[in-house]
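Let's take a walk through this structure, one stop at a time. Keep the 3D view open as you read.

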Amino acid sequence: MITRSAACFALFIYCASACSGRNGNSIADDKSKYSCSRNLKLSSYVSKNNRNSSCEEAEAEDRGVPRIVRWSQEGASCPFEARDKDDALVFTVATNETEGFRRYLRSTEVNGFGDNVRVLGLGQAWRGGEIKLYAGGGQKVNLLKEAIEEIKDDPDQIVLFTDSYDVIFLSSLEKISRKFKEWDDARVIFSAEEYCWPLKSLASEYPQVKRGKRFLNSGGFIGYAPDIYAILTSAEIKDDDDDQLFYTKVYLNSELREKHKIKLDHKSEIFQNLNGAIHDIELRFKGNEAYVQNTAYNTVPLIIHGNGFSKLLLNSLGNYVAQAWSPEEGCLSCWDRTIELDVKNAEAYPKILIAIFIEKPTPFLEEFLNKIKDQRYPKEKLHFFIRNNVPYHEKLIDEFVEKHGDEYQSVKQIKPEDEIAEAAARNLAMNHCLSVKCSGYFSIDSESHLDNVNTLELLVEQQRGIVAPLLVRPFKAWSNFWGAITDDGFYARSSDYMDIIHHERRGLWNVPFVSSCYLINATLLENEATRPSYAEADLDAEMAFAYANRRRDIFMYVNNRLDFGHLVNPETFNISLTNPDMYQMFDNKLDWEKRYIHVNYSDNFLPENKPVQPCPDVYWFPIVTERFNKDFVEIMEAYGKWSDGSNYDPRLSNGYENVPTRDIHMNQVGLESQWLFFLRNYVKPLQELVFLGYFHDPPRSLMNFVVRYRPDEQPSLKPHHDSSTYTINIALNKVGVDYEGGGCRFIRYNCSVTDTKPGWMLMHPGRLTHYHEGLKVTKGTRYIMISFVDP
């Protein structure tokens, strides 16, 4: 039995393996179980909420109505003769236990005939050639010939052969057999496709068909054992010869074709080859069940084969069919092979290397680092690798490592002065992962914010080779995955892309491209054939990574079962500015709000909340954070061009200021548009809350400025009316700490506000009623932000 331990992540194991007291042997544990064992048991359930289920006992009654999504087999294998005579035997070839192979097996299990499957060649060396590049696959013929020799004389035994890595069953074996038996005068049926492969020159020798696909495909065929065996032994074939050419020559031999009554499934009634038929099929739902409809021939195929260049389409369909996802219960296949880590047993957690890549100037990097630090994963099981390619961020990174580095098992840094290319840096990170004997490699780029503190743990529990948490730019359609790609490998929008990023469909999605943040099982790093590549032709690193995985049929998943986080947008981040994050209000509004809008701002609108009113019609609201105050003041002081406090002011259209202050206008520091946005989105709602009946959208303000009061410059401001409908005044630093004295006195009411709070905003009418003055600052420096709204 495999228990929940650090070893779990290094293996691809079933959900049952993670549960105490269950026989959770994996596929690799006992290959004899690809047999005809009849004794099946439930090993995984999904409850209606699709979140809190695990491998609990069948009799648990508090789970609603569970859906069985996996069966496991008990008992010893049995020989062919022990089978029911009406059962078809299913054969496939798989020398490696890939994700595609597991998907194939799962589709047989959910359709109820997993024990009918014979897997040939598992664990053997593949000698069939590089069939992605050129013809090959003869080894499959020879393995099948050997496997069915003992049933070659049984006239009633049906044999079904399919490829494995790129095949999914959509129906029960009983239905497939029945469809075969209903075929008019056929003893062997091969699947059919659009293209004549591998020799186009043979196309003219094929019989003409009035309707349907004309050419044989060897990825799927069904027939009676004697006829299949006769075909297999009709000629010799080398392991590296082409299997499809072998069967094609049999079919084109009219004598053999007639003798064994060989037919092609021209209209995809049983077999659907996807290559060349992409526009012929649609994914549909009948109730809670997904199926594939061939709209060209009005058929419902029972087996789909992602031959040739159609494997990405098969992957997309595989996200839904064979009980992988349903409208009612969501993602069912998500639970396959998952484990549950015991939060009380830190030692059981797999060792992970977190590889951070800062390739470009990135806004809100401080929050990015803190969210990684806050992940709820035992720090004694974490190693850090930090690659920073941006000198601007060096100080922040060094401070982070100095403060938190000792909390982790190790920290390795690559700095800008090391002058290492991105692809090389990523290779170094993978090597470092192996050197510390990690079980998982968690790569995260600086634009990826993990708002969910359980992200890393949940990805580990998902138990996939490569899995990414869904991250989306807020309020945009930009994410860290692509649902489809064009023929030349660039972005294309899949039909379900918007549903996935908007969480209208939740699940675990096999996709052709992931980037920015993903967890890789270390077993992929150890094998040169599966190790990620970040250097492919002239592609950038993230494109190369996805391309290399697609080329080698390594599945990449994006997970949106829960909300994990979001992406920041670095495109307009200008590090030549002082505190450039302050300018990111438009492109990174969510992060800007979290850093700069007061944590109690939303409380202003609670029905039970009564606005603070220190003076008549003067309202006080928490609106910005102390971090806002700090960054804002630093921007002003870095700019440094304070007005001289005289009536002459060339910044104004008439050149004259009636009540001058020492100030800097927002348009001088490039914040005018941001501040008008601030007034509309954060100030206007508060104005409408307290000054009932006044609506003006958008608010206008020609005068937006920071004022500086000092005893030796301008300590106070004479009585005056503001040129506004209403005025806002935000305190940017703290009385009694940064300065003494100061405040605002409303003369008509003889009411003063002197105990101003940093980040709180005073709002009061401008003209006529609220004649006021700025009280004298006696020590230090006072900063306030002023806007005259709707002059």
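Predicted model: local features only at pLDDT ≥ 70, side-chain atom pairs only at ≥ 80, totals over all residues.

Start with D280. You'll find D280 in the loop that runs between β10 (271-273) and β11 (281-286). Is D280 buried or exposed? D280 counts as buried because its relative accessible area is 14%, and the cut-off for buried is under 20%. As for its surroundings, leaving out residues up to four places away in sequence, D280 touches K213, Q293, N294, T295 and A296. With K213 there is also a polar contact, side chain to side chain, at 3.1 Å.

Next, head over to helix α10, which covers residues 394-404. Its buried residues are I397, F400, V401 and H404. Look down the axis of α10 and you'll see these buried residues fall within an arc of 95°, so they line one face of the helix. What lies over them? The cover on the buried residues of α10 includes β16 (352-358), α9 (365-373), β17 (382-388) and β18 (410-414).

Last stop: an open sheet of three strands, in the order β20-β30-β22, with mixed pairing. Which strands sit at the edges? They are β20 (448-449) and β22 (471-472), each pairing on one side only. Between β22 and β30 (residues 565-567), the pairing is parallel and runs over two bridges. To find the spot, look for L471, which stands opposite G565 in β30.

Notes:
Residues numbered from 1 in each chain as written. Heavy atoms only, no water. Helix = DSSP H or I, 4+ residues; strand = E, 2+ residues; numbered from the N terminus. Buried < 20%, exposed > 50% of the residue type's maximum accessible area, 1.4 Å probe, protein only. Polar contact = N/O pair within 3.5 Å; in protein donor to acceptor, adjacent residues only side chain to side chain. Contact = heavy atoms within 4.5 Å. Arc of directions from axis to C-beta. Pairing = 2+ DSSP bridges.
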